[in-house]
Amino acid sequence: DPMSDKRIVFEDGNAYERMMGVWSQIVGKEFIEWLNPTSGQSWIDIGCGTGAFTAQIAELCSPSQLLGIDPSEHQIEFARKRSMAHSATFQTGDATALACESSSFDVATMALVLFFLPDPVLGMAEMKRVVKSEGTLAAYVWDIPGKGLPLDPIHAEFRKRGIDYPLPPSSDVSSMHQLQKIWTEAGMRSLECKQIKVSRTFKNFDEFWDINASVQAITTVLDELSPQTVAEIRSNVERELDYDSNGSVVVHGHANAIKGIA
């Protein structure tokens with residue numbers, strides 16, 4: 001597998017924030033409305049990244065306690081500098097070995113994270129361990145098999161050319177069927193699923209390309225192609241995208257969301 005050495009790592013908080021942080025908040029708002037949580041609960045946001053979704057929990061859910069965990073020191077540093085509506089604690093940690101007491105939280109969430117875990121079932125077990133009895137476990141992931149990833153317009157061009165590109169190690173877990181399977185096998189009750197469709201506008205194609213082609217999952221591929229091939233890919237992507245009447249690029253994505261009671 002030529003991509004096995006191309007693991008997706010997130011070192012650059014700013015590039016990630018411009019790309020996925022914004023998307024995370026677009027989906028996150030709908031996700032929280034759907035969760036419809038009561039205020040004053042304790043939350044853990046596992047794989048919090050730059051804290052984009054954590055900040056929404058702080059703003060919209062009035063948490064009594066809020067902990068964000070992420071393996072990347074860079075992302076955690078970025079998250080700690082973010083202004084928050086409620087105080088939050090951020091620490092580095094592994095989703096499959098959380099440094100938390102069992103039964104500590106009312107709500108555990110993973111926003112765009114589950115498919116990055118080499119063992120999603122283990123991540124689910126840990127999530128369940130740290131949640132109180134009757135607590136909520138909820139997650140949303142881009143529907144990668146269903147082409148819901150916002151980077152798919154660029155990936156589609158790679159596919160046409162037979163160019164390998166990195167995907168999260170467990171991308172198949174993002175189908176609704178697989179999510180339901182994991183939640184069911186973990187013994188979760190009152191399961192509900194929802195597909196969240198979102199779109200984002202970039203003021204023109206240059207802005208779209210600048211933001212999307214600078215994320216590490218794309219640069220690792222483009223850096224190995226000739227300038228001519230990159231230029232061809234760029235112009236083909238430009239031709240395939242949707243535009244509104246004033247030339248802005250409208251990009252669509254959809255995430256699969258799931259929630260259940262422990």
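I take buried to mean under 20% relative accessible area, exposed over 50%, and partly exposed in between, with a 1.4 Å probe and protein chains only. This is a predicted model, in which local features need pLDDT of at least 70 and side-chain atom pairs count only at pLDDT 80 or more, while totals for chains, interfaces and linings use all residues. Residues are numbered from 1 along each chain as its sequence is written, and side-chain values use heavy atoms, with hydrogens and water left out.

**Entry 1, strand E1.** I looked up strand E1, residues 42–46; helices (H or I, at least four residues) and strands (E, at least two) are DSSP runs numbered from the N terminus. Five of the five residues in E1 are buried. In a regular strand the side chains alternate between the two faces of the sheet. Both faces of E1 are covered, with Ser-42, Ile-44 and Ile-46 buried on one side and Trp-43 and Asp-45 on the other.

I then checked pairing, for which DSSP must find at least two bridges between two strands. E1 pairs with strand E2 (residues 65–70) in the parallel sense over five bridges, and Ile-46 stands opposite Ile-69 in E2. Three bridges join E1 to strand E4 (residues 105–111), also in parallel, and there the bridge partner of Asp-45 is Thr-109.

The side chains of Arg-129 and Glu-126 form one at 2.6 Å, N to O. These two residues are three apart in helix H4 (residues 120–130), so about one helical turn separates them. Arg-129 is partly exposed at 28% relative accessibility, whereas Glu-126 is buried at 11%.

In helix H5 (residues 152–160) I found Asp-152, Ile-154, His-155, Glu-157 and Phe-158 buried. Glu-157, with a relative accessible area of 4%, forms a salt bridge with Arg-161 at 3.3 Å, N to O, and Arg-161 is partly exposed at 31%. Arg-161 also meets Glu-232 in a salt bridge, at 3.4 Å, N to O. This second pair links distant parts of the chain, as Arg-161 lies in the loop between H5 and helix H6 (176–185) and Glu-232 in helix H9, 71 residues apart. Glu-232 is partly exposed, with a relative accessible area of 32%.

Key:
Salt bridge = Lys/Arg side-chain N within 4 Å of Asp/Glu carboxyl O.
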